[in-house]
Amino acid sequence: MSTTDDLEEFPTLIYNPHETLTVQSKNKCAIVSGKYGYFHYGQNNFDDSGWGCAYRSFQTVCSWLKLQGYINKNIPSHREIQQCLVDIGDKPSNFVGSKKWIGSLELSFCLQNMFNITSKILTSKSGSDLAEHARALIFHFENGGAPVMIGGGQLAHTIIGIDYNPRLGNCQYLVLDPHYTGTDNIDDILAGGWCGWKPGTFWSKKDFYNLLVVINGEKICCENEENVKE
């Protein structure tokens with residue numbers, strides 16, 4: 001599959017909304033490369049408002065994996081994600097069809113069992129401590145890494161870039177917010193800050209955070225090396 005293909009099952013999906021943003025950084029800055037789709041509440045007429053943010057962030061990660069040629073399966077639905085967790089014994093059978101929140105750890109299980117994709121979890125005891133992973137995130141994105149799902153306090157977001165000042169230890173994060181409930185309109189998404197740079201104070205000091213970082217493997221479904229580089 002070429003990296004320029006769209007995901008046909010999501011005809012209105014917005015791709016790479018961050019590319020319309022201006023980056024003026026004098027610090028160490030790294031942003032996701034490659035194509036991904038922005039998944040959020042309510043897409044494809046499925047109402048998951050209030051509980052589906054981690055599922056949507058996972059779908060964004062999966063879209064990047066598919067469009068880069070790391071997987072050749074369709075983007076999993078909420079029900080398929082839940083069924084995977086039941087099948088591996090992580091959740092009881094009545095979890096399928098529920099509106100239960102999930103986090104980074106469960107989604108790491110899904111990556112492994114649905115796609116044979118390896119990942120690692122980075123943890124922070126507080127949102128104010130996330131800068132401790134700045135260098136790891138820079139390395140991740142500079143080396144062609146996938147979007148990073150972050151979960152904490154029953155909220156999930158997707159990090160697609162980081163701007164780090166090593167002298168001061170300050171960070172800004174380029175964030176996709178899956179809690180958006182509007183239509184797939186790029187102007188509304190950007191105007192509402194649903195895709196944008198967020199300061200370190202965006203993350204709660206009271207909550208523990210897990211970051212799901214994909215470890216890239218071999219590409220399996222690209223037509224040729226030229227497509228991989230597009």
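The structure on the screen is a predicted model, and residue numbers run from 1 along the chain as its sequence is written.

**Strand β6 and its neighbours**

Strand β5 (residues 148–152) runs antiparallel to β6, and five bridges join the two. Two residues lie between these strands in their hairpin, where Gly 153 takes a positive phi near 60 degrees.

The bridge partner of Ile 159 in β7 is Val 175. The pairing of β6 with β7 is antiparallel and extends over seven bridges. The hairpin of β6 and β7 has four residues between the strands, and Gly 169 there has a positive phi near 80 degrees.

Now select residues 28–31, which form strand β2. This strand also runs antiparallel to β6, to which four bridges join it. Lys 28 can be found opposite Tyr 164 of β6.

Is strand β6 mostly covered or mostly uncovered? Colouring residues 155–165 by accessibility gives the answer: β6 is mostly covered, with ten of its eleven residues buried.

**Helices α2 and α3**

Move to helix α2 (residues 78–87) and helix α3 (residues 104–115), whose axes come within 10 Å and cross at roughly 90 degrees. The two helices are therefore roughly perpendicular to each other. To see the contact between them, display Glu 80, Ile 81, Cys 84 and Leu 85 on the α2 side. On the α3 side, display Glu 106, Leu 107, Phe 109, Cys 110, Asn 113 and Met 114.

Which residues of α2 are buried? They are His 78, Ile 81, Gln 82, Cys 84, Leu 85 and Val 86. The buried residues of this helix pack against α1 (53–67) as well as α3. Following α2 is Gly 89, with a positive phi near 85 degrees.

**Aromatic rings**

Show the side chains of Phe, Tyr and Trp next. How many aromatic pairs does the structure hold? There are nine. One of them joins Phe 46 and Trp 51 in an edge-to-face arrangement, 6.1 Å centre to centre with 75 degrees between the planes. Phe 46 is partly exposed, at a relative accessible area of 36%, whereas Trp 51 counts as buried at 7% relative accessibility.

For another pair, select Tyr 180 and Trp 194. Their ring centres are 5.6 Å apart and their planes stand at 45 degrees, so the pair is tilted. This pair links distant parts of the chain, its residues being 14 apart. Tyr 180 lies in the loop between β7 (170–176) and α5 (186–191), and Trp 194 in the loop between α5 and β8 (195–199). Tyr 180 is buried, with a relative accessible area of 6%, while Trp 194 is partly exposed at 25%.

Select Tyr 173, Phe 202, Trp 203 and Tyr 209 together to view one aromatic cluster.

**Lysines over ring faces**

The tour ends with two lysines. Lys 35 lies over the face of Tyr 15, at 4.5 Å from the ring centre. Finally, select Lys 91 and Phe 95: the lysine lies over the face of the phenylalanine ring, at 5.5 Å from its centre.

Technical notes: Predicted model: local features only at pLDDT ≥ 70, side-chain atom pairs only at ≥ 80, totals over all residues. Heavy atoms only, no water. Phe/Tyr/Trp six-rings, centres within 6.5 Å; stacked < 30°, edge-to-face > 60°. Buried < 20%, exposed > 50% of the residue type's maximum accessible area, 1.4 Å probe, protein only. Lys NZ or Arg CZ within 6 Å of the ring centre and 35° of its normal. Pairing = 2+ DSSP bridges. Axes fitted to C-alpha atoms, helices over the stretch in contact; angles between N-to-C directions. Parallel < 35°, antiparallel > 145°, perpendicular 65-115°, else oblique. Contact = heavy atoms within 4.5 Å.
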